[in-house]
Structure formats: structure tokens, C-alpha cells
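My entries follow in the order I made them.

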Amino acid sequence: MAILNIRREGDPVLRQVARPVPKVTRRIKKLIKDMGETMYHANGIGLAAPQVGVGERVIVVDAGDGLYALVNPRLEKEEGREVDVEGCLSLPGVLGYVERAARVVVSGLDEDGRPRRLEAEGLLARVFQHEIDHLDGVLFTDKATMVWKEADEKIHGEAGAPGSPYGPDQEEQGCVSSSWEPPGSRCRA
Ligand SMILES: [Zn+2]
């Protein structure tokens, strides 16, 4: 079991475009396993490889209905729009409203290298989009219409405003990922 170090905003790896994975090797399987353990340890509902310092296109997601691991994930289809609150394990204590597709079809390879095609809606669809953004160096604050700090709930400006006063870590109630979360849920990915 390996809990990996989660990179924080400011680490350049979070702003790089991750490389496609040519083959699901033993090393990639180990990475997926460690990413899953790291995500659960941090009470997250999704994690992308750049968040643990690996610039490769691998994500893990568990929005309450089991763990999905996808290598080279792609959004094949997007339908509808929905605004909800997001957080990110790489930006502790920061929350924001982000508009995303309400329903998506995602394709990629699973942990055994087999092609997978998944339909998702609601929170699961949101987490897939959030994680795939990480693979392209995009953070949710880049897309958010409003960003605030969980600690004091004070709104401090528009998305991606420079010099946003991201504060020290806040111990917060983690997302338990046991059910579909209602709008306004504070789940970090
Ligand atoms: Zn994130």
C-alpha cells in the first residue's frame, strides 16, 4: 500500500499536459492502485495522475458507486449543462461553482488495458470532467464562475484571479462518497 503525496496548486506538474499511456503495464497498474488508495485516504472522489506528480493520462474516480480507473480517458459525448460546487484535493479549502456537462460518455482503457466506455450523469459525470481537465493542466478554478475559501466562506473574486489568498490546510469533513451528493455538496476531486 502506498499513499502518494498530493501536489498542491503552484506545482508545475498540475499545469502540464499529461502524456498518453502507450500500454497498461505493471507500472501503470501499480500507479492506479496507489492512486485509488491515495484518493480514499484523502476522502476524495477523484484523482488524476498529475496530482501525484505523474504526467501521464490516468484517472481514478469513485463518486459513490464504485471505483473507476481509466487510462487515456476521453470525453466522447457531452449533453446538457449543470452548475454545482466543486473542490479539489490539490486546492485544499477552496470551493467554486463550475458549469459542466450534465451527462457524458467517457472512453478509455481500464486497469487491465481493456477498452471501456462509460455513460455518466450528475456527480459522476462532473468528476470525470474535472479529472480529465487535470490531464490537460486545467484546474476547476480556471472554469469556476465564483471561487471562495471554505474556511470563511468569503467570496474573494472571479475564477483564477491572481493572488487568490489560498490559505493553509483546513481539516474538513471529507466526502464519504457513499451516495449521490445533493447540489452544494463539497466533494474534492
Ligand atoms: Zn482536482
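Entry: I began just past H2, where glycine 137 takes a positive phi of about 75°. I took helices (H or I, at least four residues) and strands (E, at least two) as DSSP runs, numbered from the N terminus. The model is predicted: local features need pLDDT of at least 70, side-chain atom pairs count only at pLDDT 80 or more, and totals for chains, interfaces and linings use all residues. Residues are numbered from 1 along each chain as its sequence is written.

Next I checked H2 itself. Helix H2 covers residues 122-135, 14 residues in all. From first C-alpha to last it reaches 21 Å, close to the 20 Å expected at 1.5 Å a residue. The expected span is 1.5 Å times one less than the number of residues. H2 is mostly covered, with 13 of its 14 residues buried. I call a residue buried if 20 or more other C-beta atoms lie within 10 Å of its own, exposed if 12 or fewer, and partly exposed in between; C-beta atoms are placed from the backbone.

**Entry: whole chain.** I counted 3 helices and 6 strands in the protein chain. Along the sequence the pattern is α-β-β-β-β-β-α-α-β. Of the 189 residues, 40% are buried. I then looked at contacts, meaning residue pairs whose C-beta atoms, placed from the backbone, lie within 7 Å. Among contacts between residues at least 6 apart in sequence, 66% join residues at least 24 apart.

**Entry: H1.** Which residues of H1 are buried? I found Ile28, Leu31, Ile32, Met35, Thr38 and Met39. They sit on the same side of H1, because they cover an arc of only 130° around the axis. The arc is that of the directions from the helix axis to the C-beta atoms. An α-helix has 3.6 residues a turn, so residues three or four places apart point the same way. On the other side of H1, Arg26 and Lys30 are exposed. The cover over the buried residues of H1 includes strand E1 (46-48), strand E2 (58-61) and strand E3 (68-88).

Leucine 31 lies in H1 (residues 26-41). It is buried, with 24 other C-beta atoms within 10 Å. Leaving aside neighbours within four places in sequence, leucine 31 is in contact with Ala49, Val54 and Val58. Its C-alpha is 9.8 Å from that of isoleucine 59, 28 residues apart along the chain.

**Entry: core.** I defined a nonpolar core as a set of buried Ala, Val, Leu, Ile, Met, Phe, Trp, Tyr and Cys residues joined through C-beta atoms within 7 Å. The largest has 47 residues, and Met35, Val61 and Phe128 have the most contacts inside it. H1, E1, E2, E3, strand E4 (91-109) and H2 each supply at least two residues of this core. Not counting residues up to four places away in sequence, valine 61 touches Ile45, Gly46, Tyr68, Leu124, Val127, Phe128 and Glu131.

**Entry: two asparagines.** Asparagine 43 has a positive phi of about 60° although it is not a glycine. It lies in the loop between H1 and E1. Is asparagine 43 buried or partly exposed? It is partly exposed, with 15 other C-beta atoms within 10 Å. Asparagine 72 also is not a glycine, yet has a positive phi, about 50°. I found asparagine 72 in strand E3. Asparagine 72 is partly exposed, with 19 other C-beta atoms within 10 Å.

Technical notes
Two residues are in contact if their C-beta atoms, placed from the backbone, lie within 7 Å.
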